[in-house]
Amino acid sequence: MENPGFLPRISHEDVSQAAQLIQQAYNPQSQLSSEDQRRLQQQLFDIQKRAEAWGLVIPFLNHSDYNVQFFGAHTAQVKIARDWSSFPEENAPQLRELIVDLTGLAITSGRSKVILRKLFVAISSLALKLSSRQPSQWPDWLVSTVQRLSVMGASSEHLLDFLAIVAEEVESADLLASNKSTIRSTLSDAIPMVTQAIVTCMSRPRPHPSPNELRSALKCLEAWLSYLPADNITPLIPGLLMLLTPMQQSPPYEFEEEEFVPASDALQEIMSKSALSDGAGTKTLTEPLLVWCDRYGGALIEQTLSAGFADSVSRSFCKLLAGLGEHSNQYLASSLASSVVPSPVLPDILASPSLPTKSHLVHNYLKLLLAYTSLPGYHGVDEEESELTLGFWYLFQEALWNTDAELDQGEVDAAEHIKAEKDQWIVAKAVYSELVKVLRRKVVWPPADVLRGWTRDQRDKFQAYRRDVGDTLINAYYILRDDMVTYYVDELARYLSLRQPNDGWEEAEGTLHCIMAVQESIPIEPNPDLCRLFSAEILGRLPISGGGRVRRTMILLIGSYASWFTTQPVVPPSSSAPSLLLNALSYVVSALTEPSLCLPAANTLRDLCDANRTALAPHIVAFGELHAQVANIPDTEKSKVLQSIASVIQALPPEEEIPPIEAILTPVIAKLFEALQSSSFQQEEARAVAIQQILILAGVSKGLTRTVDSLLVLDESPEEQAEIERMKRARDDPCVVRLREVILDAIQRTINLWSTDASISNALSELIKAITALPSDVTLLTLPPGPLLELICIASQRQLTAVWFNLAQMLVTQLNPPSLLPTLFKPIPTAEAHAIVLNALAALLQATLSFFSQPGTMEANPDIVQAFFTFVDVIAQHFIPVFYQLPHDLFNALMQCAISALSLQERYSLVSACTFLGAIVNKTSTNDDLKEAKTMLIQTHGRSILRAVLCGFAGQAPRSANPNLIEVLSTMVTRFPAETRTWMAEILYADDFPPSKATPEAKEKFLKSIFSSRSLRRTRDAAQQFTLVARGLEGSSFGYASVTM
């Protein structure tokens, strides 16, 4: 075919040169470097962008090389989708005819399906554009295109492929609701044609003469499901069941893979994405499938077990079972013990004069699903199917909770209802009892010699499977409750009593994993099974050396049940009675010195001590012995161990905390100062030691923090007041005062020496967060925020980081702590706090604004920008007057910086700047002591703020920040309505307003909408509409979605 007159004409030489580029880029024999490949791709992209590229479509499709043909089809698709606005509108009808003709020729010429798909997408894209115009330039595009392609010789297979792609393209198209309605109407008109084509293909004699055509028909069905009403889907289900059914009706059955798999896929899609989803179609879908499973499912399971693996048919059947369970879980739950005989709509091949009861069908279904759940071997190595069934057990458990048992016809009295419910739960518990046994076996790791042969990917997949099984076991627990824990504990006891010295620990570890998985569901109350687990009967028989994985799992299990031990009686040190808590603690401590176990052991020790500090406090002497062994514990975990000890110390009276805290911290502080002194000649080693000691100080400080939230404690209660007084007296102890001074000195020296080191600053951040607190949460070590804020300023003047700003923000909040009691008046900061914040703000502003003044700095450091504006926002919330005590030039520079940040393209930076500007305008306007400052603020910066906001709407700011810009605009409109009205008009109509699609009429409409009602909703709606217009997105669903997210 020659190029028609309305397309650009390109010389043969230029076409050949472009074709050579394609062949060079896509030839598998070309040994191109990645740089050459990128260069060629860019050249092809540049060619495709040019208007003349329309003229390449036909020559490329006529080319003998497959890659060039593909690029021709791809160019047609891309030009229609991406460059349509530049195509002459008067030539659209001719292009429509051309693309259809080219597609018909490509089909009859035997072009590959990949090329045809590109052309089908091009037709669909073009049709969506032309039919959406008013009036439509292609009203009957779908039916007429199918008819035309058919006349040109397209086979049923190709037409079905085309219809499938049409449905997919319409589903994903970016159309307004009105246009989408028109397109859907077009598709609705074509439904009879589509369903007839599918039925015709499915009805051919078996085995199907053209598996590819059948596959295309069923893929077409899947694509059209969202458009087909239930009445059009239901007649197709018997045909799909026929395709699942083996052709010979006597065992051994042989299932046709090329028919079974696509039919199974189509049924799965019907159950999940059609008008028959969510449990619909009981008689036409659920029950026919259950009858089919009852008839043939067992044979598929037997074939799978005999073969030792699941082939494609078996895997597809497993997916079908899972899909049926997701679709029909409520039916399955209600029919679990039903004696009612179903009356499904069945194809002739499944019809029977006597069908089994619903309960029989459901039991058989559950048996089949359990068979896949319990496939022999290890998941990820021997089989991949067992994981597919796990999601069902959650849905089934929920359905059992929320669905009443089905009664026989005529049974309505209460006694029969109670009996039906009882029968239902008897069966449910039997099913889930079998499930927990199966899953316990499936999570057991293989012996070490087998595991060594696994790849890393296989290990990771099996580990992920174990986690998924853990989630499923939680659902089983909600059905079985204590019976499930009893079963696992009995299994453990039985295994340990029969275990031989040379046996592995894999079975025990698998059972422990199952018990650990359900921890979050088990209530924190006395439990005899857990008492057995943590007693000498089981815990006492587990290995305390070697053992590897079983010890790790038991340590993690103890940590997960840390809070449960609070249900146990407190055993004093003088008692000879066994203590489950001390048993668990001893088991964990024994692993601290082993490198492979020290991490989980330290974490579990921390959790145990934190949750049970009161019960462990009488045993503080034993923790002294643990402290003596700290030197043998790896450095990476020492901070957690000492945090654990500190949390037990916190349960002591404050004055009794002093000696053990001194004993813990004295060597730590000494070691930190040694590192600081040796830094000049052992830089790296000293830095590593310093970090370790700082983290230990942070861990101890965390441990001393009480577990009860201070906001839940009223400081007016006599007991709390007495406790506060005791803490004050203990803090005034000379030894404690000296300890805090030394820690503060160590922080100062560390900052002076290493403040620019990222690892040091992160460690200091951990320490400062842990060692500072609100007044109601002070500990022996709590440091005042003022001196620390000064040190943060020193560090920031050397190197700005988000870490320092985040700490400064926290310390500013502590200088004006919230009241714990309800009050009408916000507490006023002290003069001392006011002075500290003013000095810190001035110092940090000078450092920050100097840093941001360098070109490109704000764009390159979004984390610092966000943290900085969050910091000044906190000051605006708590200490608004300090801004107006700054030197005028410094305050003005801050405001100009914030205003300029409204054009940043990084969203979080822009949002934090918006939040600060809104806060400073609001807080200044509502403070009666700042009337002069209010006038100065609005006169100096009000217009600039408005201009930045309006320019952001017009395109200078990312669309995702629109809600935040609207908040700033609403604040300005509310606080300064007269000035805002005047300035907005001046800005919008000024010559220097950014070029946009907004006409003078659109700007006028925007102004009127804003000031006709100064509500936030009205302002938001008006601003969003103006944004769409200004950015040229009006009339686009993408535009509406992007500004309303």
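## Aromatic pairs

In this predicted model, a search of the whole structure finds 44 aromatic pairs. One of them joins Phe392 and Trp393 in an edge-to-face arrangement, with 5.0 Å from centre to centre and 70 degrees between the planes, and both Phe392 and Trp393 are buried.

Phe534 and Tyr561 also form an edge-to-face pair, for which the centres are 6.2 Å apart and the planes make an angle of 65 degrees. Phe534 lies in the loop between α24 (528-533) and α25 (549-560), while Tyr561 lies in the loop between α25 and α26 (580-589), so the pair ties together parts that are 27 residues apart in sequence. Phe534 counts as buried because its relative accessible area is 0%, under the limit of 20%, and Tyr561, with a relative accessible area of 3%, is buried as well.

## A cluster and two charges over rings

Phe805, Phe851, Phe852, Phe868, Phe869, Phe871, Phe883 and Phe916 form one aromatic cluster. Elsewhere, the charged end of Arg549 sits over the ring of Trp445, 3.9 Å from its centre, and that of Arg907 sits over the ring of Tyr908, 5.7 Å from its centre.

## Nonpolar cores

The largest nonpolar core has 334 residues, and those with the most contacts inside it include Phe534 and Phe883. Helix α38 (residues 831-852) gives the most to this core, contributing 12 residues. A second, separate core has 14 residues, among them Ala18, Phe60, Val68 and Phe71.

When its neighbours within four places in sequence are left aside, Phe883 is in contact with several residues, including Leu841, Val872, Phe891 and Phe916.

Conventions: Residues numbered from 1 in each chain as written. Predicted model: local features only at pLDDT ≥ 70, side-chain atom pairs only at ≥ 80, totals over all residues. Heavy atoms only, no water. Core = buried A, V, L, I, M, F, W, Y, C linked by side-chain atoms within 4.5 Å. Buried < 20%, exposed > 50% of the residue type's maximum accessible area, 1.4 Å probe, protein only. Helix = DSSP H or I, 4+ residues; strand = E, 2+ residues; numbered from the N terminus. Contact = heavy atoms within 4.5 Å. Phe/Tyr/Trp six-rings, centres within 6.5 Å; stacked < 30°, edge-to-face > 60°. Lys NZ or Arg CZ within 6 Å of the ring centre and 35° of its normal.
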